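I opened this model to look at how its chains meet. I also wanted to check one residue in more detail.

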Amino acid sequence: MTLEIQNASARAGGREIVHNLDLALAAGEIVAVVGPNGAGKSTLLKLACGLMPLHGGEIRFDGSKIGSLSAGELSRRRALLPQECPMRARFTALELVLMGTAISGQGRPMAERVAIAQDTLDRVGLSSFMERDIMTLSGGERQRVHLARVLAQLEAAARNGAPGCLLLDEPLSAQDMARQRLILQIAKMHAAHGGSVLLVLHDLNWAAACADRIVVMHQGRIQSHGLPRDILTSELLHDVFGIPDGCIHQHCSTGRPFVVPHDLVMPEDINKRETPCILQ
Amino acid sequence: MRAMRVHAGWILLSLLPLLILVMLVAVEVGASGAGIGTLLHAPDVATRNLAWMVIAHIRAPRVVLAAMAGAALGAAGATMQGLFRNPLADPGLIGVSSGAALAASCVIVLGVDMAQSGFLNGWAVPLAGMLGSFLVTLLLYVFATRAGITSVTTVLLAGVAFGAFSGALTGILIFRANDTALRDLTFWTLGSFSGANWERIGLLSPFLVLAGVIATRLAVPLNAMLLGEADAALMGYPVERTKRLAMLGVAASVGPVVAFVGAIGFVGVVVPHLVRLVTGPDHRLVLPGSALLGAILLTAADTIARLVAAPAELPVGIITAALGTPVFVWLLSRIHGADIPS
């Protein structure tokens with residue numbers, strides 16, 4: 001599934017909040033969107049999934065204009081994990097995931113839909129929580145149930161073909177480090193099966209570690225995009241995030257950049273250092 | 001937990017024989033003392049004929065109408081609570097009751113002569129009520145819809161505002177009313193099944209069948225909309241169509257019911273909560289369950305209303321409010337602090 005965003009802009013409260021966005025996502029590709037708070041990252045995702053009307057420009061899934069697709073057709077081409085999922089009803093995890101398959105998997109026998117839902121819950125590490133009331137789960141567990149729901153939505157739609165476009169808005173926000181890694185592995189697998197993934201991340205290190213390309217948003221515009229090693233530079237940290245220079249390092253085996261701000265350590269603490277410095 | 005839901009399905013199924021039992025008891029008892037036993041075993045024909053008259057033409061239509069009204073109010077309440085994601089929502093919120101009340105009050109107070117003569121004899125109040133409820137619902141829908149998107153919050157707030165406005169107009173009508181009209185108004189605003197007959201049931205039936213068909217299409221999207229309209233739309237559910245259908249279904253069922261039997265409170269609010277205690281939030285169970293339990297409770301309430309001060313009778317709204325309030329307070333204390341509807 002390819003996603004093309006051409007010259008897209010959107011308005012809210014009478015003013016334009018994102019301007020002239022251009023982005024193309026190929027099948028099998030993972031693109032991470034980074035940027036400071038209020039840069040327009042979530043708006044980009046909302047535009048891409050058709051949740052917000054375009055003020056100008058175009059969005060296409062596999063060449064079809066977003067406006068020409070019905071809600072059902074769109075649900076088979078893309079799925080969004082929002083930042084917050086305020087479900088206030090006592091459904092079980094499995095029931096919630098099954099909801100995601102009802103329209104995109106229309107025509108599939110119930111047993112197949114249940115199998116898909118069980119499989120996705122298993123993959124997000126919640127196989128023993130299927131019959132649990134989601135109101136009794138922790139915030140992180142609930143976020144992963146919703147991730148299973150959007151995965152199931154796309155997988156119920158894919159029949160002998162590549163899955164659709166997965167849009168994830170801060171999917172790591174409520175997760176511990178092991179689960180953050182798990183979620184990015186799931187995104188990688190989705191791309192490996194021919195799906196495309198567009199995800200908003202705050203953690204630049206995870207973005208650099210998993211994404212094929214990084215898009216930097218700043219003040220409602222795409223400031224730059226490209227390979228992680230070209231994007232994650234001292235200039236970017238300084239200009240966009242206001243972090244002083246000299247925090248970028250390179251991973252010794254993957255060659256990917258990573259960020260370690262070290263101006264939080266007080267000069268007196270440096271003298272107390274007991275282990276040798278490994279960052280060069 | 002799913003095993004619990006299957007269990008809940010069986011409990012709901014058992015409500016059907018309970019409804020039949022309550023309806024049979026309601027047909028059997030009454031102020032006249034005539035019952036099914038009299039019909040079968042009375043020694044003389046005159047007594048049997050009288051018993052037949054009482055049962056077939058007075059009690060039976062009344063019991064059937066009460067069950068139909070209860071089913072409509074219960075299911076409509078569940079629909080509204082799901083649509084508005086608000087535990088206090090009831091069918092009246094989309095203007096059905098206030099519209100019907102205003103139009104019916106107009107006819108009772110201003111058009112008593114017209115209502116009691118000519119071809120509208122006995123039908124003027126219900127027909128005006130029905131028309132009023134449809135018009136107000138349509139007005140609220142149009143008001144709350146911009147560019148094809150209906151804001152349920154606007155519907156809710158505009159419904160509350162219109163309810164207050166309609167209350168003021170009804171107050172003016174009451175101020176102008178004579179004694180007869182005042183008595184009719186009192187009975188109408190508290191609800192009564194005393195005007196039940198087979199003709200009215202015949203007229204009401206197609207509306208309820210339409211609402212029933214609509215309800216079968218609402219259950220699954222309403223479940224998804226508990227996640228919020230945006231998430232339901234992302235999953236491909238037809239959110240705007242669901243809102244339209246829900247308002248149409250409620251107007252089609254509750255409008256005629258309110259027009260025929262008056263404004264009966266609390267059934268639409270309390271019944272869905274009672275059903276959810278057993279079934280959980282799944283509208284595939286909550287909607288039929290609320291219809292069944294609403295029918296049982298309103299039939300029972302009407303029977304109590306007939307018997308408690310026999311041979312006089314209380315307006316049924318007094319019984320539903322008197323019984324419904326403590327149940328509602330108990331529910332509130334039970335779910336205090338919890339997220340609802342659940």
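Predicted model: local features only at pLDDT ≥ 70, side-chain atom pairs only at ≥ 80, totals over all residues.

**Notebook: the interface and one leucine**

Between chain B and chain A I count 3 residue pairs in polar contact, with both residues at pLDDT 80 or more.

Next I asked which elements of chain B face chain A. Helices α1 (2–28), α9 (198–225) and α10 (229–234) of chain B each supply at least two residues to that side. The largest share, 4 residues, comes from α10(B). I then sorted the residues on this side of chain B by type: 12 are nonpolar, 3 polar and 6 charged.

The rule finds 1 across the interface of chain B and chain A. Its partners are the side chains of R149(A) and D231(B), at 3.6 Å from N to O.

Then I noted the extent of the interface. On chain B, 21 residues are in contact with 29 residues of chain A. The area buried between the two chains is about 2,200 Å². Carbon and sulfur atoms give 60% of that area.

Last, I turned to L236(A). I found L236(A) in helix α9 of chain A, which covers residues 234–241. Is L236(A) buried or exposed? Its relative accessible area is 7%. The cut-off for buried is under 20%, so L236(A) counts as buried.

I listed its contacts, leaving out residues up to four places away in sequence: L236(A) touches V216(A), S224(A), I231(A) and F241(A). I also checked G35(A), which lies 201 residues from L236(A) in sequence. In space, their C-alpha atoms are 9.9 Å apart.

Conventions: Residues numbered from 1 in each chain as written. Chains lettered and ligands numbered in written order. Heavy atoms only, no water. Contact = heavy atoms within 4.5 Å. Buried area = accessible area lost by both parts, 1.4 Å probe. Salt bridge = Lys/Arg side-chain N within 4 Å of Asp/Glu carboxyl O. Polar contact = N/O pair within 3.5 Å; in protein donor to acceptor, adjacent residues only side chain to side chain. Nonpolar A, V, L, I, M, F, W, Y, C, P; charged D, E, K, R; others polar. Buried < 20%, exposed > 50% of the residue type's maximum accessible area, 1.4 Å probe, protein only.
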